[in-house]
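Look at the sequence and the model below.

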Amino acid sequence: MLAYLVRRILSTIPVMGMVALFVFSLLYIAPGDPAAIIAGEQATPEQIERIRQSLGLDQPFLIRFGDWLWHILHGDLGTSIFTGLPVARMISQRVEPTLSLMVLTLILAVVVAVPIGVLAAWRVGTWVDRAVMAFAVFGFSVPVFVVGYLLAYVFALELGWFPVQGYTPIGRGIVPWLENLVLPAIALGCVYIALIARITRATMLDVLQQDYVRTAKAKGLGQSSILFVHALKNASVPIITVIGIGIALLIGGAVVTESVFAIPGLGRLTLDAILRRDYPVIQGVVLLFSFVYVLVNLAVDLIYTLVDPRIRY
Amino acid sequence: MSPPPAIAVPAEAVAAAPELPDLWPPAKARRGIMGFIRRHPTVAFGAALLALMALMAIFAPYLWTVDPSTINMARRARAPSELYWFGTDTLGRDIYSRVVYGARVSLIVGLSVAILASLAGLAIGLVSGMIRWADGIIMRAMDGMMSIPPILLAIALMALTRGSMSNVIMAITIAEIPRVSRLVRGVVLSLREQPYVDAAVAAGTRTPMIILRHILPNTVAPMTVQATYICASAMIIEAILSFIGAGVPPIVPSWGNIMADGRALWQVKPFIVFFPAIFLSLAVLAVNLLGDGMRDALDPRLAKAL
């Protein structure tokens, strides 16, 4: 078990290396000369050349990559071309709203999706099942910003139940924090709920036909005990897998959701960076999100052994 | 099925026989377009919707539209009226015309990405599945690419280049390739273990011939289904890229661009955002329904589960 743990954690290193290489190449081939930008408009070619040398920009690709990687490993993500601030600091200032939004969406999605998936499998073929499946199709088809605008229009503008836009830090109270995040979380959660509900239903359908479920029924166990203890526990591995994979949807969707609801998070930062062609910032955000994604899927692999003791490594 | 065979029956027997219940439903209910619609209502709906969108895209100039790029500052952000069916945007362009022309961008991007990503994924997946030493390297590279969420990867690639339709197509294609390659590789690996492939190898068939004759035909079904879903996903990513200002140039009438234009004003002029949103959702829905139908038709085992 411990050997597996170590091996699995080590296996993320080549993947992260590939991501780093990919992201670095992005900056490497990006148009524009950072040395010229830093030197300013009045700089002479000699001054630019001196800055280039001091930044190590005249070195070959692999040396620059190694250098860059070394800095990354020490928490130095470079400096923003536009603001001149360290990218790491710019990112850390924006982490809270995005993290809040994603965690809330994750909780909401799991709490909603798993029960409706179980319900659909239990009542397969009935209107309940069809309603859940119809919702899944719509969840996949209606893009996150469309759901976002729709929710904001109905529940914030027309009904006035929630603030239309903005974000309140959690430090200023749970309630205002939550009020601002409810609509974005629902909008962002739609496609995620559809994904999880669909897999839950499919796996549960399979599990409910197993002999041990029949045995549980025969010995007179209650319906909810059969569904949620016996069946769901055995269906949990694919469900947890898809929750992990779906984090990619959540990350991509967060960028758009933040823009719809004017939440000052990492998505907003990415957007501004794109408009200003601020490559170090884009690079930093992509790297961070990919790192989170790899870690989540590492966690998923480790959770397998907890929920299913049959999986031994 | 064929109708019951005609048997010569004496006339008096017919007269005496009680009227039999009509066991044979009318032919119309079983065959033809109506029969298909009755058996697969959602697929038929998706196909019809998609056909409608395609017709709209092709015949955009004849659908009572005006030039979608004509700017008129005198009639900015007008509400929908008899003259401007969907209103006008912040630069006074006719939203109805832009929405109708927008179908072109969405469908072209969706289709192109589906085709290009499928072909590239097929090639990479085949190489990876057939050549053992290449498998490790290719799959590690794909793992790395898959660790970057697709939308983020497309955004990062678009940040490098000018916004143009072909660049958008390339960026989304690259983001989608790893998933297709994985799928094809999986299919190839399982096919390689099939007895008929062993038999072909034993019979001395050369590898290219084995790929052509035994491997490729079996990848068609899962690839077709996958391509449909890629098309839907590409349409959404294209709209997202345009919406956040990293897609096709703002002058191009794409649904994402129209929504981006209405973003600042959406609380007072929600129609600018909602009309393209409805069309985008319907188009993606149509493609998804078609994909679900194809999955059910091509893979009955999966159809039962999902």
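## Chain B overall

Two residues count as in contact if their C-beta atoms, placed from the backbone, lie within 7 Å. The model here is predicted. Among contacts in chain B between residues at least 6 apart in sequence, 68% link residues at least 24 apart.

Chain B has 13 helices and zero strands. Read from the N terminus, its elements run α-α-α-α-α-α-α-α-α-α-α-α-α. The chain has 306 residues, and 40% of them are buried.

## A pair of helices

Two packed helices are described by the angle between their axes and the distance between the axes.

Take α6(B) and α8(B), the latter covering residues 165–192. Their axes come within 9 Å and cross at roughly 135°. The angle is why α6(B) counts as oblique to α8(B). The crossing of α6(B) past α8(B) is left-handed.

Which residues make the contact? From α6(B) come Met142(B), Met145(B) and Met146(B). From α8(B) come Pro178(B), Ser181(B) and Arg182(B). By class, this contact has four nonpolar residues, one polar and one charged.

## Where chain B touches chain A

The contact between the chains takes 41 residues from chain A and 36 residues from chain B. On the chain B side, the elements giving two or more residues are α6 (132–146), α7 (150–160), α10 (207–243) and α12 (271–298). Which of them gives the most? That is α12(B), with eight residues.

The side of chain B that touches chain A has 28 nonpolar, six polar and two charged residues.

Note on methods: Residues are numbered from 1 along each chain as its sequence is written. Chains are lettered from A and ligands numbered from 1 in the order in which they are written. This is a predicted model: local features need pLDDT of at least 70, side-chain atom pairs count only at pLDDT 80 or more; totals for chains, interfaces and linings use all residues. Helices (H or I, at least four residues) and strands (E, at least two) are DSSP runs, numbered from the N terminus. Ala, Val, Leu, Ile, Met, Phe, Trp, Tyr, Cys and Pro count as nonpolar, Asp, Glu, Lys and Arg as charged, and the others, Gly among them, as polar. A residue is buried if 20 or more other C-beta atoms lie within 10 Å of its own, exposed if 12 or fewer, and partly exposed in between; C-beta atoms are placed from the backbone. Axes are lines fitted to C-alpha atoms, for helices over the stretch in contact, and angles run from 0 to 180 degrees between N-to-C directions. Angles under 35 degrees count as roughly parallel, over 145 as roughly antiparallel, 65 to 115 as roughly perpendicular and the rest as oblique. A crossing is left-handed if the near helix is turned anticlockwise from the far one by less than a right angle, and right-handed if clockwise.
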